[in-house]
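The following dialogue goes through a structure step by step. Which features should be read, and in what order?

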Amino acid sequence: MTALFQSYHLNNGVELKNRLVVAPMTHFGSNPDGTFSAQENTFLQGRAEGFAMFISAATLVSREGKAFNGQPYALDERYLDSLKSVAQNIKSQGAKAILQIHHGGKLAMSELLEGLDKVAPSADEATGARALTEAEIEKLIHAFANATELAIQAGFDGVEIHGANSYLIQQFVSGHSNHRNDQWGGSIENRLRFSLAVIDAANAVKEKYQRDDFILGYRFSPEEPEEDGLTMADTFALIDALVQKPLQYLHVSLWDFYKLARRGADTHKTRMELIHQRINGKLPLIGVGNLITAEQMEEAFATGWAEFIALGKTVMINPDLADLLRENRDTDIQTDLDPARADHYRLPDALWQRCLTNSPWLPPVKGME
């Protein structure tokens, strides 16, 4: 595991102690008022130990974007104490604390919006979302900036802008969900405008606080299945724009590290390889994709397709994962959850119950097919 424990210097001078990152995981565990719960902080205890960065659960920037029960908020100063508790928990374990900032767009859940309109780049009959006005778009850009300011005030080391998984920012980029004919839609250049404006707004906050050491990251999903959805060609255009921005890293969202491209590029190559080639060393890339065992992590890193490896499911299964890796205790790394050991994993109640349904998006459960 020597290679994964090499340090790395970001373009803003920040040194990361190794190449291991905890991927953002939805806990379904925050309090109803959007504050981080005691269960979430219990989950975090020990899990950041030994990692370079720990990226938090998707944290809401504006109320009408709430996409799941138990989502944490970064809306105003009332949430500072909650945010501080998480930042301090992660940093006390020696990892950089990164707050992922998020808006669900048309994927927000109507029953969680307390009467607010569901909004998206364009009206969407299937979800009941209405199109954002230009004034509302500007307000949402400010909401991401505001969450960045709260992250700085709370002591986080950085923010990750959530532009993946078909949520609001990706909805602007995608021709499937963005049918606007103003400056925010139409050409790929216009569809990228919202993403780039959010980055600029977050960076303006960073400059306001004179925090060169504050980390800005951007997460994206490379393709969509719909005929008019994102292709690798669209993603290349996004990457070309992102590497010109004052970011410290890019983070691809993939379920399978080795998934081949669907269209818009060489379909015999993996998305990871194509993305890394396109970035061409201009920013480091965090790779991810169902890597559970030490061997899988080593093999993924050895491809050279990512400067960092992000881990999610295996961190849920192994609360002391980085220690196991560093000490070469590969055989002690578990590959499934034992239903009889709930106390060992310390997952929030709602997340534990979801795990017991054996969802493919969550860790495998022992004894369940």
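Predicted model: local features only at pLDDT ≥ 70, side-chain atom pairs only at ≥ 80, totals over all residues.

**Reading the features one by one**

Q: What does Arg130 meet in a salt bridge?

A: The general idea comes first. Side chains of opposite charge can pair when their charged atoms come close. In this structure, the side chain of Arg130 meets that of Glu136, at 2.7 Å from N to O. Glu136 is also partly exposed, because its relative accessibility is 24%.

Q: How many salt bridges does the structure hold?

A: The structure holds 15. One of them joins Asp182 to Arg180, whose closest N and O atoms are 2.7 Å apart.

Q: Are Asp182 and Arg180 buried or exposed?

A: Both Asp182 and Arg180 are buried.

Q: Which helix holds both Arg326 and Asp323?

A: Both residues lie in helix H11, which covers residues 321–326. Three residues, about one turn of the helix, separate them. Arg326 is partly exposed because its relative accessible area is 41%. Asp323, with 22%, is likewise partly exposed.

Q: How are aromatic pairs read, and how many does the structure hold?

A: A pair of aromatic rings is described by the distance of the centres and the angle of the planes. The structure holds eleven such pairs. In one of them, the ring centres of Tyr8 and Phe308 are 5.1 Å apart and the planes stand at 65°, so the pair is edge-to-face. The step in the reasoning is that planes over 60 degrees apart count as edge-to-face.

Q: Which parts of the chain does the pair of Tyr8 and Phe308 tie together?

A: Tyr8 lies in strand E1 (residues 8–9) and Phe308 in strand E13 (residues 308–311), so the pair ties together parts that are 300 residues apart in sequence. Tyr8 and Phe308 are both buried.

Q: What are the distance and angle for Tyr258 and Trp305?

A: This aromatic pair has 6.1 Å from centre to centre and 70° between the planes, and it is edge-to-face. Distant parts of the chain are linked here as well: Tyr258 is in the loop between E11 and H8, whereas Trp305 is in the loop between helix H9 (294–302) and E13, 47 residues apart. Tyr258 has 35% relative accessibility and so counts as partly exposed. Trp305, at 16%, counts as buried.

Q: Which residues form an aromatic cluster?

A: Phe144, Phe172, Trp184 and Phe194 form one cluster.

Q: Which residues of helix H8 are buried, and what covers them?

A: In H8 (residues 271–279), the buried residues are Arg271, Met272, Leu274, Ile275, His276 and Ile279. Their cover includes helix H7 (232–242) and the strands E10 (215–220), E11 (249–252) and E12 (285–287). After H8 comes Asn280, with a positive phi near 55°.

Q: How many cavities of 30 Å³ or more does a search of the whole structure find?

A: The search finds one. About 50 Å³ of space lies in this largest cavity. Its lining consists of Gly163, Gln170, Val173, Phe220, Ser221, Leu230, Asp234, Thr235 and Leu238. Helix H4 (168–173) and H7 are the elements that give two or more residues to this lining, and H7 gives the most, with three. By type, four of the lining residues are nonpolar, four are polar and one is charged.

Q: Which residues lie nearest the centre of the second largest pocket?

A: Ser62, Arg63, Glu64, Lys139 and Leu140 do, out of 16 lining residues. The second largest pocket holds about 330 Å³ of space. Helix H3 (residues 134–154) provides the largest share of its lining, six residues. The lining divides into seven nonpolar, three polar and six charged residues.

Key
Residues numbered from 1 in each chain as written. Heavy atoms only, no water. 1 Å grid on protein atoms, 1.4 Å probe; cavity = no way out; pocket = protein on both sides within 12 Å on 5 of 7 lines; lining within 4 Å. Points joined across faces, edges and corners; volume = space filled by probe spheres on them. Helix = DSSP H or I, 4+ residues; strand = E, 2+ residues; numbered from the N terminus. Nonpolar A, V, L, I, M, F, W, Y, C, P; charged D, E, K, R; others polar. Buried < 20%, exposed > 50% of the residue type's maximum accessible area, 1.4 Å probe, protein only. Contact = heavy atoms within 4.5 Å. Salt bridge = Lys/Arg side-chain N within 4 Å of Asp/Glu carboxyl O. Phe/Tyr/Trp six-rings, centres within 6.5 Å; stacked < 30°, edge-to-face > 60°.
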